[in-house]
Amino acid sequence: KLTTFKKGETMVRKGEVGNEMYLIISGKAGVTDSGPQGRVIKNLPPGEIFGEMAIVEKTVRAADVVALEDVELLGIDSGALERLRKRFPFTAAKLFLNLARIISGRLRETTERLTQAV
């Protein structure tokens, strides 16, 4: 489903139960820390996804994501992923491989930051 958010709105909150991941269609978003300043720790441009960890792990959101501009999102819930897997297994396999690559890349970035900080 398509959803729009105005600049400054929080799109997902850390600690919420997540059942959708999102693709940014237009606008820019930011992953923020949960401190009082709401410091942006990662910018998310159009074409970027977020919320994938909560949908894959069926757990709570790991961070807040706010609209840095007006944003249009495509939400993909676990039911849609399951329907895709059943109807179009080849396409679903490609999507899941891409999700694994995205998650792996983000883990690599985090590991590099942690090892450089030591």
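**Exercise 1.** Find the salt-bridge partner of Arg106 and say how far apart the closest N and O atoms are.

*Solution.* Start with the pair: Arg106 makes a salt bridge with Glu52, and their closest N and O atoms sit 2.6 Å apart. Helices here are DSSP runs of H or I, at least four residues, numbered from the N terminus. Finally, Glu52 is buried at 3% relative accessible area, where buried means under 20%, exposed over 50% and partly exposed in between (1.4 Å probe, protein chains only).

A quick word on the ground rules: this is a predicted model, with local features needing pLDDT of at least 70, side-chain atom pairs counting only at pLDDT 80 or more, and totals for chains, interfaces and linings using all residues. Residues are numbered from 1 along each chain as its sequence is written, and side-chain values use heavy atoms, leaving out hydrogens and water.

**Exercise 2.** Work out how Glu82 pairs with Arg85 and with Lys86.

*Solution.* Take Arg85 to begin with: its salt bridge with Glu82 spans 2.4 Å, N to O. The two are three residues apart in helix 2 (residues 78–87), about one helical turn. Now Lys86: its salt bridge with Glu82 spans 4.0 Å, N to O, and these residues are four apart in helix 2.

How values were computed: Salt bridge = Lys/Arg side-chain N within 4 Å of Asp/Glu carboxyl O.
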